[in-house]
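Here are a few notes to read alongside the model.

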Amino acid sequence: MKKLKFEHNLAKLIVDGKKTSTWRLFDDKDLTVGDEIELIDKVNPNKPETWKPIGTANITKIVEKQLGDIDESDTQGHEKYSSQEELLETFRDYYGSNVNSKTTVKIISFNFKSPREGNSDQKTTPKTHIDSIKLYADGGSRGNPGPSASGFVLLDMDDTILVDKGIYLGLTTNNQAEYQALKFGLEEAAKMHVKSVDVYMDSLLVINQMKGIFKVRNRDLWPIHEAIKKLAVTFDHISFTHVPRELNKLADAAVNRSLDEQASQASKIMP
């Protein structure tokens, strides 16, 4: 089971039901919605022998944002900061002086379960398991080919955001970025063990090629198209629907967040 460690004061807030999310700049655990994790109280950070488990948690939602875009809704279930500068200084203490308003943070929401709640002879399926989701995916290239990124958002059938993620790809084409977004989103859905996925994209090319209406004439797209077809058959149901750009704003925003962050980092290292 994956583990997350917390300072003693934060672990107490979790036990008291006052903290239901954690913000991480680097997710070395590769956490995903539906994961069950063990929470550890670092009673004395300098003495690992004092660390102890406080219970388990099910991850219910994951959103990626730049620290400068954090708003009031993101602080529900998390400790609050009096100003943007206090937020940045707190994260610099943990992650180093390079943290700034453009740094991406992963907001991980969870339902905590104490050992007492989990003491049952009968195994039950976590209530947080989701069978059906919606996947909005988008890709963009500034130059085509040029700096590119993919973005995808997973929502439950009530339109609650479960995962919101942008991924920088480097130099590639717009169509490659679109296809990569679809692949990343389906891979994330597979990790969640969902049975049904409804895909929505504003790329008519990708949608019609996945439906078999258009042939894939660009040989550079053949490998990823085949990889996505193999992913698609692992779900009990999958549909592909073309939507206008204005209905794909969440995935588009994830693309631009990733591109803007990369451009900001590049500008800092230029002589």
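The points below go from the inside of the model to its surface.

1. A word on the basis: this is a predicted model, where local features need pLDDT of at least 70 and side-chain atom pairs count only at pLDDT 80 or more, while totals for chains, interfaces and linings use all residues. Residues are numbered from 1 along each chain as its sequence is written, and side-chain values use heavy atoms, with hydrogens and water left out.

2. Start with the largest nonpolar core, which has 44 residues. (A nonpolar core is a set of buried Ala, Val, Leu, Ile, Met, Phe, Trp, Tyr and Cys residues joined through side-chain atoms within 4.5 Å; buried means under 20% relative accessible area, exposed over 50%, partly exposed in between, with a 1.4 Å probe and protein chains only.) The members touching the most others are L39, I133, L135, L182, L186 and V197. Helix 3 (residues 174-191) gives this core its largest share, five residues. Helices (H or I, at least four residues) and strands (E, at least two) are DSSP runs, numbered from the N terminus.

3. Have a look at L182: beyond residues up to four places away in sequence, its contacts (heavy atoms within 4.5 Å) include L135, A137, V199 and F240.

4. There is also a second, separate core of 10 residues, with W23, I70, L88 and V99 among them.

5. Strand 5 spans residues 104-113. Leaving aside neighbours within four places in sequence, S109 contacts T20, S21, N58, I59, T60 and K61.

6. Finally, Y95 belongs to helix 2 (residues 84-95) and is partly exposed, at 32% relative accessible area.
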